[in-house]
Every structure is written in C-alpha cells, then in structure tokens.
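Open the model in your viewer and set up selections by residue number.

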Amino acid sequence: MSTSEVVVYSDPQLLAAACAARLVTRLVDVQAARGSASLVLTGGSTGIAILRELRHSPARDAVDWSKLDLYWGDERFLPAGDDERNEKQAREALLDHVPVDPARVHAMAPSDGEFGDDPDAAAADYARVLARNTRPEDHHDVPTFDVTLLGLGGEGHTASIFPETPAVYETDRSVIAVRNSPKPPPTRISLTLPAIRRSSEVWLVTTGEAKADAVALALAGAGEVQLPVAGARGQRRTLWLLDRTAAAKTSNVYRPRIL
C-alpha cells in the first residue's frame, strides 16, 4: 500500500544535501537486496543541486555505480550538448564523476540524433528502451523504478506534464512528445503519469515560495488534470521533500516539522 510523507527543511541547501544522503541510503539498500537499482533523474535547479551534493558526499562510493540504471523523467528536445538539456546538466553535476556503466545511462534522444527533429519518434524509442529493461516481475512495459525524482512548477506541472494539456490525459503510452510547452523550450519528451506511477517510490522535491500553492493543493487532494503533480505517486511511497517556503501553505492539510 502506498503511503505519503512530507519532510520540510529550513533551506534549499540543507534539502539538497539531505536528499542526496537519502538517495545513497536507498540505493545501497536496494543494491544489497537485489544487486542493482534504478533511479529516474529530474532537471531544474533543485534536481541538479541534489546531484552536486551527491557528487561531493563522502558516502557516494557506497553506491555501486556500475549497477545502477539511470533514466530521465523528461528532457528538453534540443541538440546534444545543449546547456539546457537535463542530460548534460546531470553529467556535469554527477555522472561524469562517478563510474557509471554507459550502457545503463538511458538518456532521451536529442533533436539532432538518430531520429532527427521528430520528437514522436524519439519518444517511441524511449518507450522501447523502458520495455527492454523490464524484468519478469514488473508485469508491465515500464520498469518498476526504485526511486523517481521529480520537481514541480508553480502551476502544478511535473516532468513535462502541464495542466489541462494532452499529456495529462495520456493513459496508454509510457513516453510522449510534448509540443507547445507553456515553459520553454516548447518541444520536450516526457514520461507519462502512468509510467511515473510504476515507481516504487516517487520523491517530489521542490523549493521556493512560488511552489507553495501547488504543493498545498496537491496535498489537499487536487485532481491531476488541473494539477498534474497530484497524479505523481509511488506504488510504495510518495515522499515530499520541501524547503520552508515551499511548505508555507500546507498547514491546513499538514503541519510540518521543519528540520
């Protein structure tokens, strides 16, 4: 049965460091039990700050990086090497500094890659990547991700699933192309909510006053069409990791203890 938990930290830096420490513990535990683990990465300032903290953590080498499958929740459909791509930012923050197995780093295709400027083809290919990496016990065409990291926008989007757009209504596909994104760049590739919900744990990590309304509405039970982040849930646990300002309006639904 899935459970939800909210943890609030006094400032963004402490949140990033604490999330990095939690990740080490979770990945080590999964690898000890099963031999390998999987992690879905997110972009944005907080997501990349977590990866930097992980890079500099004294405990980082407790993770067997060669036995970790890495995916992305969404990607900006831009040329390879573009500074705005989540993949490039993640590599610079962490992946270039730890001994990952390149074959287990599953990046979404760039706009100048083998599929050219065709985001639908790139999305379909990523769906095939997910399907190839499932295990018999997954019983699905999407792996049961051990941890999925997600951020959220002030209007309630998560990954590249924006309110009341076609993406939020998708129920069949695991990966979709997103056009005319309200947030630049306009073309993206994203996991869908059903794919995200294949995760054992979803960690929603955000900071800042601009996110406070969306956080409070999601915790109060808002619908996912108007607030897609409300539909991002883990099978076992949904963990909200917030700073004080992002949690400022949650008191009506949750009275946080600030760490």
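Predicted model: local features only at pLDDT ≥ 70, side-chain atom pairs only at ≥ 80, totals over all residues.

Residues are numbered from 1 along each chain as its sequence is written, and side-chain values use heavy atoms, with hydrogens and water left out.

**Stop 1: the largest pocket**

Select Gly-43, Gly-44, Gly-151, Leu-152 and Lys-183, the closest to the centre of the largest pocket among its 23 lining residues. A pocket here is an open set of points on a 1 Å grid over the protein atoms alone, where a 1.4 Å probe fits, with protein on both sides within 12 Å along at least five of seven lines; lining residues have an atom within 4 Å of a point. The volume is about 350 Å³, taken as the space filled by probe spheres set on the points, which are joined across faces, edges and corners.

Next, colour α2 (44–56), β4 (74–76) and β8 (201–206), each of which supplies at least two lining residues. Helices (H or I, at least four residues) and strands (E, at least two) are DSSP runs, numbered from the N terminus. The most comes from α2, with 5 residues.

Colour the lining by class: 5 nonpolar, 13 polar and 5 charged residues. Ala, Val, Leu, Ile, Met, Phe, Trp, Tyr, Cys and Pro count as nonpolar, Asp, Glu, Lys and Arg as charged, and the others, Gly among them, as polar.

**Stop 2: the second largest pocket**

Move to Pro-166, Ala-167, Ala-177, Val-178 and Arg-179, which lie nearest the centre of the second largest pocket, out of 13 lining residues. Two or more of the lining residues come from each of α5 (166–169) and β6 (175–178), and β6 has the largest share, 3 residues. This pocket holds about 190 Å³ of space, and its lining divides into 7 nonpolar, 3 polar and 3 charged residues.
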